Amino acid sequence: MNADLVHPSDAGLMKQQLFQALAEDESFKLEFRGVHKSGRFCWIRTMGVVVSRKPRTNEPLRVCGAMEDITSVKEGERERNEYLQFFE
């Protein structure tokens, strides 16, 4: 993942969570704000798992995963929370 494509406020935590998952041989699922090619920010969910490692060092060699734009989901959650706060 290119760090320039991650929102600056999310970059540190996203990187930490990803490296931890890769080191512990766990699958990962991360949500963060990314920069769309148009320049606007969008929410991204990425999921993956290490499928092979270097034999001598156990470093990740290949990761298989997917990315999904979840901006509409996050906007819906924000609107729902605003609605609930209004009626509290």
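## Charges, shape and core of a predicted model

Reader: How far apart are the mean positions of the positive and negative charges of the protein?
Author: Bear in mind that this is a predicted model. The protein carries 13 positive and 14 negative charges.

Reader: What radius of gyration does the protein have, next to a compact globule of 88 residues?
Author: The C-alpha trace spans about 60 × 30 × 20 Å along its principal axes. A compact globule of 88 residues would come out near 12 Å. The radius of gyration of the protein is 16 Å.

Reader: What share of the residues counts as buried?
Author: The cut-off here is under 20% relative accessible area. The accessible surface comes to about 6,800 Å², and carbon and sulfur atoms hold 51% of that. Of the 88 residues, the buried share is 24%.

Reader: Which element gives the most to the largest nonpolar core?
Author: That core has 11 residues, among them Leu18, Phe28 and Ile44. At least two residues each come from helix H1 (8-23), strand S1 (28-35) and strand S2 (41-53). With 4 residues, the top contributor is H1.

Reader: Which residues does phenylalanine 28 touch, leaving aside neighbours within four places in sequence?
Author: Contact means heavy atoms within 4.5 Å. Phenylalanine 28 is itself one of the core residues. Its contacts are Leu18, Ala21, Leu22, Thr46, Met47, Gly48, Val49 and Val63.

Terms used: Residues are numbered from 1 along each chain as its sequence is written. This is a predicted model: local features need pLDDT of at least 70, side-chain atom pairs count only at pLDDT 80 or more; totals for chains, interfaces and linings use all residues. Side-chain values use heavy atoms; hydrogens and water are left out. The radius of gyration is taken over C-alpha atoms; the globule rule is 2.2 Å times the number of residues to the power 0.38. Buried means under 20% relative accessible area, exposed over 50%, partly exposed in between (1.4 Å probe, protein chains only). Accessible areas come from the Shrake-Rupley method with a 1.4 Å probe; for residues, only the protein chains shown count as cover. Lys and Arg count as positive and Asp and Glu as negative; His and the chain ends are not counted. The place of a charge is taken as NZ of Lys, CZ of Arg, CG of Asp or CD of Glu. A nonpolar core is a set of buried Ala, Val, Leu, Ile, Met, Phe, Trp, Tyr and Cys residues joined through side-chain atoms within 4.5 Å.
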